[in-house]
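Let's take a walk through this structure together.

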Amino acid sequence: MSKDYYNILGVNKEASKDEIKKAFYKLAQKYHPDKKDGNETKFKEANEAYQILSDEQKRQKYDQYGSGFENMGGGAGYGQQQGGFGGFEGFDFSGFQNGGGGMEFDLNDIFSDFFGGGGGGRAQARRGRDISTEIQISFADAIFGVNRKILITKTSNCLTCKGSGAKADTKMERCKTCNGQGKLHEAKRTILGTISSTKICDTCFGVGEVPKETCSSCKGNGVLRREEEISIAIPAGIRNGEMIRMTGMGEAISKGTAGDLYIKINVAAHSLFKRDGSDLVMDLNLKLSDALLGTTYPIETLDGKIDVTIPEGVSINEILRVKGKGVPSANSKRGDLLIKLNIKLPNKLSKKSRALIEDLKKEGV
Ligand SMILES: [Zn+2]
Ligand SMILES: [Zn+2]
């Protein structure tokens, strides 16, 4: 179960300290748990590898014995740091001071400080702005769903450096934020007294160094304003005025999580159909004779033309139901098309019609 720390950082066994730092810096940027598409497991793994490989003595031991060396017992002081180097324990806790005088505090609390996860008045993770826009789609697209592409000009990740802010193949230099310490001390006032804690420097992610030359496209910010094409998958059956939220597609922010993009969907009205839940409703005008005798009518549906059989003797406002021609819903079912019948009575009768209807009247119709 020996872990390949070189592999984790993506460097070879002969990698220099500088290469190891840069490799970790890149991975830390990529996987930092504060980022929406971050990966805490991978971040921890990279951190663990970096803790070992950045320390000459530990690296030497690791090269000799593999990743289990810290458990070999009594190994030249490697056990000093709180039980091995697995995961979080790779951080140096010697910087934590306990202002409360021998009081214990919850390590999880401190971890949440590391990753900006906690509420309670702690520094929040940086998050880009949420933005919103609206688009209009046709009635049929709202019923069946559609993919639409839009162009939005917003703060996005820099494509040149992929958000790292570093110029390709640059050297590292001391981080000014933490003065090369990789961590920042902060004092927190609590009812039990002041607790000073240490958190990872968010400029260098604990490396203590930052790339010497910054990416020229984004001036080291990792983000910049640019036009971005965004594909929106509009689900079948969406209603007029509904919002689609696209997580992380809002404005990006340097060393933080991108905000969300909200898209309001405006559905254009249809000349024939109205929506009623998962059913579509339309009106159909029948001639009096067709209402009396029954017939077949060609009608337009959203799925194309169909022939509807009108049974004889239908009455006004009667509703015909065409199964499965309505709005798609969950489990691939569809609502129905409801055809509301209206009987168009003639305004004026020809002489012949009048005579025929007089006959009908005699028949008792
Ligand atoms: Zn850049
Ligand atoms: Zn720093």
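**A loop residue and its partners**

Leaving out residues up to four places away in sequence, threonine 247 touches Lys36, Gly259 and Asp260, where a contact means heavy atoms within 4.5 Å. You'll find threonine 247 in the loop between β8 (243–246) and β9 (261–267). Lysine 36 sits 211 residues away along the chain, yet the C-alpha atoms of the two are separated by 8.3 Å. Threonine 247 counts as partly exposed because its relative accessibility is 46%; buried means under 20% relative accessible area, exposed over 50%, and partly exposed in between, using a 1.4 Å probe and protein chains only.

A word on the ground rules. This is a predicted model, in which local features need pLDDT of at least 70 and side-chain atom pairs count only at pLDDT 80 or more, while totals for chains, interfaces and linings use all residues. Residues are numbered from 1 along each chain as its sequence is written, chains are lettered from A and ligands numbered from 1 in the order in which they are written, and side-chain values use heavy atoms, with hydrogens and water left out.

Now step back to the whole chain. Its secondary structure comes to eight helices and 15 strands, which are DSSP runs numbered from the N terminus (helices H or I, at least four residues; strands E, at least two). Of its 365 residues, 39% count as buried.

Where pLDDT is low, the predicted coordinates should not be read in detail.

Next, look at helix α2 (residues 17–31). Among the buried residues of α2 are Ile20, Phe24 and Leu27. The buried residues of α2 pack against α1 (5–9), α3 (40–53), α4 (56–65), β3 (172–174) and β6 (209–211).

Threonine 155 is buried, with a relative accessible area of 16%. Apart from neighbours within four places in sequence, threonine 155 is in contact with Val223, Leu224, Arg225, Gly250, Glu251 and Ala252.
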